[in-house]
Protein chains: 2
Amino acid sequence: MDFLEKRYLFTPGPVPVASKVLLTMAQPLIHHRLPEFSKILEEIRENLRYLFQTEKEVYFFASSGTGAMEAAIVNLFSPGDSVIVVSAGKFGERWLELAISFGLNPVVISVPWGKAVKPEEVEETLKKNAQVKGILVQACETSTGVKHPIKEIAEIVKEREVVLVVDAISALGIYELPMDAWGIDVMIAGSQKALSLPPGLSFIAFSEKAYTLAQKAKLPKYYFNLFQEKKAYEKRTTAFTPAISLLIGLREMLKRIRELTLEKLFEHYRILSLACRKAVKALELEIFPEIPSESLTVIKTPESLRTGELLNFLRTKIGIVFAGGQDHLKGKIIRITHMGDQTLLDLVIALSALELGLNLFGYKIELGRGIKSVQEVLYEYYEKILS
Amino acid sequence: MDFLEKRYLFTPGPVPVASKVLLTMAQPLIHHRLPEFSKILEEIRENLRYLFQTEKEVYFFASSGTGAMEAAIVNLFSPGDSVIVVSAGKFGERWLELAISFGLNPVVISVPWGKAVKPEEVEETLKKNAQVKGILVQACETSTGVKHPIKEIAEIVKEREVVLVVDAISALGIYELPMDAWGIDVMIAGSQKALSLPPGLSFIAFSEKAYTLAQKAKLPKYYFNLFQEKKAYEKRTTAFTPAISLLIGLREMLKRIRELTLEKLFEHYRILSLACRKAVKALELEIFPEIPSESLTVIKTPESLRTGELLNFLRTKIGIVFAGGQDHLKGKIIRITHMGDQTLLDLVIALSALELGLNLFGYKIELGRGIKSVQEVLYEYYEKILS
């Protein structure tokens, strides 16, 4: 139906961005070396500390999330340093690639895709490898939808001379991850996931322990040099030209989050993901990850389903964009984001399209069965409020 | 859930406008007395003729739809002229108010709200009132969702010295209304309905018969003087300052409609309204109008339902805006637009919210029952395409 079709984005990065935020970003540019911008920077810095739940400074780069992952590596380590890499999917593999690229000595904890790492396994590996200086792990492994037990791992790492580096790109702002309270040493985030912004900004914060290690780090660095950013921050500016319009959007989103409170934000994502999972069960489908993150729902598709055709059909004919699986999961899973500017009614759209696609491409199920679950969650929620 | 809520507009004016169109309109203004603008004007004029299905010129005003209704009156008639007014709702009443305000002599065909006028009734009234110079009628009566039999009325009027004036504000572009082929003498449209634009533009076209009558019209006029606009058009401009940004949006929408073709546009609205009506039936609710227009679906609400509370709840808590009834229909109907930038998936949202509201405010119905009907329409449509 050509021009009457719309696009509905349900991928776990990029995520849907609120049009009010996009319009804020579409305002004429302001210059980043003027007092006006310093003020904005100050506000952003304060609200980032709120988001990270830390008293430390949070730095940002004009880069994708991978940039901040690289920043963690080059600022913390020296060539030949030993690190534990938790590899449970595409982004665990990215930690490994980064470690290898910078000449580190990785000890890999290989976890089957879809499973979460066990804290005991981390503890054992640490005991067997006394030389280890850091642990690289994801909070949420976006490729499988798994949630790793960060709190428990932090407990184990706390008393050791080891830094815990958490890629929280698809987790921070979605569920509880208090950096200081849990003792996370390095936390990384990106703009295009939980922050509901376009891609292009990454974030990183260091604990005291991480700073101490960073003093001795010998890996070469320039763009991602945190000490350079630290110096610039002290002068109320940034080391390099910042991504101004993205920061204007960030300022708006952080303000909104602060006004809403993290608690209510987490509750929103809890309800969204709960409703989606109920729907998946109602459709007699399986949730792929062992311990699912609230960031996205990953569905294991049944054998009979022509998943690739389904995704292609929804994208080109209905305007619904879901993510499929990567690498060996291609054709075997469907990933639906909860991150971004999304309500329960948007989820109704996603599931309506999913039900349609399932029926058209080899998995017959009664239409409306999944949606009903989302509606029931809405009903229960408002019935309580109204009574 | 505060900032995470969105607004979903389902009212029959204003209607949802595509963000691409809104962004086109947000471009820097161009001046309306430059050659650049004359070119745009030319393009708009040609595509308006396509939309109206006429070889005559289509004029526009910076005004609401009522402005073009007034333009019809002041350009066609003289004080004391006799006109037939078909009054079957709020907008029929507007014709009457206009006729009285300008000192015409109205003969009212009063039709109960929700019913369509019968062509025989028009014929009889014409026979009884030989002095009548014009008939004022709506194509779609937006307040009740009724579709009047314009083709049949035109047949009756054709051979007489009477002009047929059709307010097609919520009809033109939604279903077949070929001005020249059917012999409609004056056709009126507005930007905020079928054209899927913001309010602020009205349109009017005159047949040869209407022009002839207009030569003798003695009602005072200035802003809405069609002959003044005609003169300006000949100079490739407008008589007064046009609503430039709205015209830029109009140009975009007309281009899209032309590319899509009217045929496909009508098919889109046919399917949307069909799906909605199936859903209403599945919810065991009644369609209010006798002959429903494809422009909107008007639901007669059951006695047990607290309609006002439902509408208020959906608007303030869920962000869904439906229209209620006007005047004596207040609390008795719910109106859901199909006009504007809307897909079948958006309709799923509307019905999901409606089902929720019905259950919360006194009309228990199984959740998901209405939505299923929309999904079935989607399924049938795509199954045919794919097989």
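In chain A, the centres of domain 1 and domain 2, taken over C-alpha atoms, are separated by 28 Å. This is a predicted model, and the domain assignment of chain A gives residues 2-15 + 261-386 to domain 1 and residues 31-260 to domain 2.

**Where the two domains of chain A meet**

The contact draws 28 residues from domain 1 of chain A and 26 residues from domain 2 of chain A. On the domain 1 side, the elements that give two or more residues are α11 (262-282) and β12 (296-300) of chain A. The largest share of that side, five residues, comes from α11(A). By class, the domain 1 side has 15 nonpolar, seven polar and six charged residues.

**Where the two chains meet**

Let us turn to the chain contact. It takes 35 residues from chain A and 35 residues from chain B. On the chain A side, the elements that give two or more residues are the helices α10 (244-260), α12 (307-318), α13 (344-360) and α14 (369-386) of chain A. The residues on this side of chain A divide into 18 nonpolar, seven polar and ten charged.

**The nonpolar core**

In soluble globular proteins, nonpolar side chains tend to be buried together. Here the largest nonpolar core has 254 residues, and A:Ile188 and B:Ile188 are those with the most contacts inside it. Which residues does A:Ile188 touch, leaving aside residues up to four places away in sequence? Among them are A:Gly65, A:Ala68, A:Met69 and A:Ala72, together with A:Val166, A:Asp167, A:Ala168 and A:Ile169. A:Ser202, A:Phe203 and A:Ile204 are also touched by A:Ile188.

**A sheet of four strands in chain A**

Chain A has an open sheet of four strands, in the order β11-β12-β15-β14, with antiparallel pairing. At its edges stand β11 (286-287) and β14 (323-324) of chain A, each with a single partner strand, so one side of each is left without a neighbour in the sheet. The pairing of β14(A) with β15 (residues 333-337) of chain A is antiparallel and has two bridges. Within it, A:Ala323 has A:Arg335 of β15(A) as its bridge partner.

In the loop between β14 and β15 of chain A lies A:Asp327. Is A:Asp327 buried or exposed? With 10 C-beta neighbours inside 10 Å, A:Asp327 counts as exposed.

**Strand β15 of chain B**

In chain B, five of the five residues of strand β15 (residues 333-337) are buried, so this strand is largely enclosed by the rest of the structure. Both faces are covered: B:Ile333, B:Arg335 and B:Thr337 are buried on one side, and B:Ile334 and B:Ile336 on the other.

Two strands pair with β15(B) in the antiparallel sense: β12 (residues 296-300) of chain B over five bridges, and β14 (residues 323-324) of chain B over two bridges. B:Lys300 stands opposite B:Ile333, while B:Gly324 stands opposite B:Ile334.

**A sheet of seven strands in chain B**

Another open sheet of chain B has seven strands, in the order β2-β10-β9-β8-β5-β3-β4, with mixed pairing. Its edge strands are β2 (58-62) and β4 (105-110) of chain B, each pairing on one side only. From one strand to the next, the twist averages 20°. Strands β3 (residues 82-87) and β5 (residues 132-138) of chain B run parallel and are joined by four bridges. One residue to look at there is B:Ile84, with B:Ile135 of β5(B) as its bridge partner.

**Helix α10 of chain B**

B:Ser245 is found in helix α10 (residues 244-260) of chain B. With 18 other C-beta atoms within 10 Å, B:Ser245 is partly exposed. Not counting residues up to four places away in sequence, B:Ser245 touches B:Met25 and B:Leu29. B:Ser245 and B:Leu29 are 216 residues apart in sequence, yet 6.8 Å apart in space, C-alpha to C-alpha.

The loop between α9 (226-234) and α10 of chain B holds B:Arg236. B:Arg236 counts as partly exposed, with 13 C-beta neighbours inside 10 Å.

**Backbone angles worth a look**

Here are the backbone angles of some residues in loops.

| Site | Feature | Angle |
|---|---|---|
| A:Gly13 to A:Pro14 | cis peptide bond | omega near -5° |
| B:Gly13 to B:Pro14 | cis peptide bond | omega about 0° |
| A:Asp327 | positive phi, not glycine | phi near 50° |
| B:Arg236 | positive phi, not glycine | phi about 60° |

A:Pro14 sits in the loop between β1 (8-9) and α1 (19-25) of chain A. B:Pro14 sits in the loop between β1 (8-9) and α1 (19-25) of chain B.

Note on methods: Residues numbered from 1 in each chain as written. Chains lettered and ligands numbered in written order. Predicted model: local features only at pLDDT ≥ 70, side-chain atom pairs only at ≥ 80, totals over all residues. Pairing = 2+ DSSP bridges. Core = buried A, V, L, I, M, F, W, Y, C linked by C-beta atoms within 7 Å. Buried ≥ 20, exposed ≤ 12 C-beta atoms within 10 Å, placed from the backbone. Contact = placed C-beta atoms within 7 Å. Axes fitted to C-alpha atoms, helices over the stretch in contact; angles between N-to-C directions. Domains from an automatic or database assignment. Nonpolar A, V, L, I, M, F, W, Y, C, P; charged D, E, K, R; others polar.
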